[in-house]
Amino acid sequence: TVLVSLEAGVLRLTLNRPDKLNSFNEDMHRALRAGFERAAADREVRAVLLTGAGRGFSAGQDLGDRDPRKGGGAPDLGHTLDTFYNPTLRLIRALEKPVVCAVNGVAAGAGANIAFACDIVFAAHSAKFIQAFAKIGLVPDAGGSWSLARILGEPRAKALALLAEPLMAEQAADWGLIWKAVDDADLLAEATATATRLAAGPTRGLGLTKRAIQAAATNSLDAQLDLERDLQREAGRTRDYAEGVTAFLEKRPAEFSGE
Ligand code: LHQ
């Protein structure tokens with residue numbers, strides 16, 4: 001349900017249930033989570049690229065898995081979040097390596113919100129984001145209420161969530177929800193090039209940078225200045241910092257090891 005490959009330090013995770021628009025069943029949840037766990041543990045992985053197979057990125061939760069017509073009483077959706085979505089969301093945000101996302105087609109419900117949790121998001125011009133939850137009586141999850149409100153502010157976050165209308169890639173980029181909308185034909189090449197470039201970078205410094213920017217949302221300026229000091233102290237001790245400065249002084253490209 002998730003294709004996994006490692007090339008040039010980039011762990012590529014491809015959601016792979018294309019005939020169901022890569023909607024999440026338990027298998028795919030487990031496989032995606034395992035992919036991010038590997039990304040954290042494996043030193044050879046220095047960046048992640050998340051994308052989808054076929055014409056969609058992900059349609060969110062597989063609704064066929066929870067057919068109310070089959071009876072069995074009301075399901076505990078909180079349990080689904082605790083068991084599956086939330087651990088994966090936390091892994092993505094805590095991973096001290098860059099996560100690039102290539103949204104190749106429609107991203108609905110939790111599918112959209114998993115994309116918004118990634119660090120650098122490219123989307124094909126034809127891709128659209130839909131907070132589909134309102135259509136079935138649910139609340140935005142997989143971090144969506146948090147990321148939409150933080151990135152867009154309440155007026156746009158509420159309209160997207162309450163109306164569940166599609167937001168095209170170009171508009172998402174204009175609003176700052178994603179990094180770039182690119183031509184469909186260029187999406188994978190462009191996202192792969194970016195992930196590959198990041199994977200050849202000073203991984204520790206990039207990871208600490210991610211941590212610093214994420215902490216800013218909840219820190220005061222004072223706390224953030226202290227955090228920058230601490231993280232810079234750590235970055236200054238890496239081999240890659242020494243290599244970066246040496247390469248600059250020797251007027252040659254740096255060769256970062258990730259250490
Ligand atoms: C699907 C799905 C799908 C199964 C397309 N499931 N088959 C929820 C509950 C529990 C715990 C916590 O979290 C959540 C989080 C959520 O993610 S809730 C939101 C769930 N997602 C949705 O409500 C989106 C449902 N899908 C759609 O609205 C449309 O499929 C979109 C707008 C994504 C795409 O539309 P189209 O491009 O017109 O494609 P389609 O509708 O024809 O879908 C293609 C196939 O994929 C089709 O199967 P079929 O056998 O008829 O070819 C769909 O049934 C299937 N599919 N989404 N979520």
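**Entry 1: ground rules.** I noted that residues are numbered from 1 along each chain as its sequence is written. I also noted that, in this predicted model, local features need pLDDT of at least 70 and side-chain atom pairs count only at pLDDT 80 or more, while totals for chains, interfaces and linings use all residues.

**Entry 2: domains.** I looked up how the protein is divided, and found domain 1 (2-199) and domain 2 (203-249); such bounds come from an automatic or database domain assignment. The C-alpha centres of the two domains lie 27 Å apart. I then found eight residues of domain 1 in contact with eight residues of domain 2, where contact requires C-beta atoms, placed from the backbone, to lie within 7 Å. The side of domain 1 that touches domain 2 has two nonpolar, no polar and six charged residues. For these classes, Ala, Val, Leu, Ile, Met, Phe, Trp, Tyr, Cys and Pro count as nonpolar, Asp, Glu, Lys and Arg as charged, and the others, Gly among them, as polar.

**Entry 3: the ligand.** Which residues come nearest to the ligand? I recorded Ala59, Gly60, Gln61, Gly109 and Ala110, out of 23 residues around the ligand; a residue counts as near if its C-beta atom, placed from the backbone, lies within 6 Å. The shell divides into 13 nonpolar, six polar and four charged residues. I saw that α2 (77-94) and β6 (106-108) each supply at least two residues of the shell, and that α2 gives the most, with three. Helices (H or I, at least four residues) and strands (E, at least two) are DSSP runs, numbered from the N terminus.

**Entry 4: α1 and α2.** I turned to α1 (residues 26-41), which packs against α2 at an angle of about 25°, with the axes 10 Å apart. Axes are lines fitted to C-alpha atoms, for helices over the stretch in contact, and angles run from 0 to 180 degrees between N-to-C directions. The pair is therefore roughly parallel (angles under 35 degrees; over 145 is roughly antiparallel, 65 to 115 roughly perpendicular and the rest oblique). From α1, His29, Leu32, Arg33, Phe36, Glu37 and Ala40 meet Phe84, Pro87, Thr88, Leu91 and Ile92 in α2. I counted seven nonpolar, two polar and two charged residues in this contact.

**Entry 5: α4 and α5.** The axes of α4 (residues 144-152) and α5 (residues 154-163) come within 7 Å and cross at roughly 140°, which makes α4 oblique to α5. Leu148, Ala149 and Leu152 in α4 meet Glu154, Arg156, Ala157, Leu160 and Ala161 in α5. I listed six nonpolar, no polar and two charged residues there.

Terms used. Contact = placed C-beta atoms within 7 Å.
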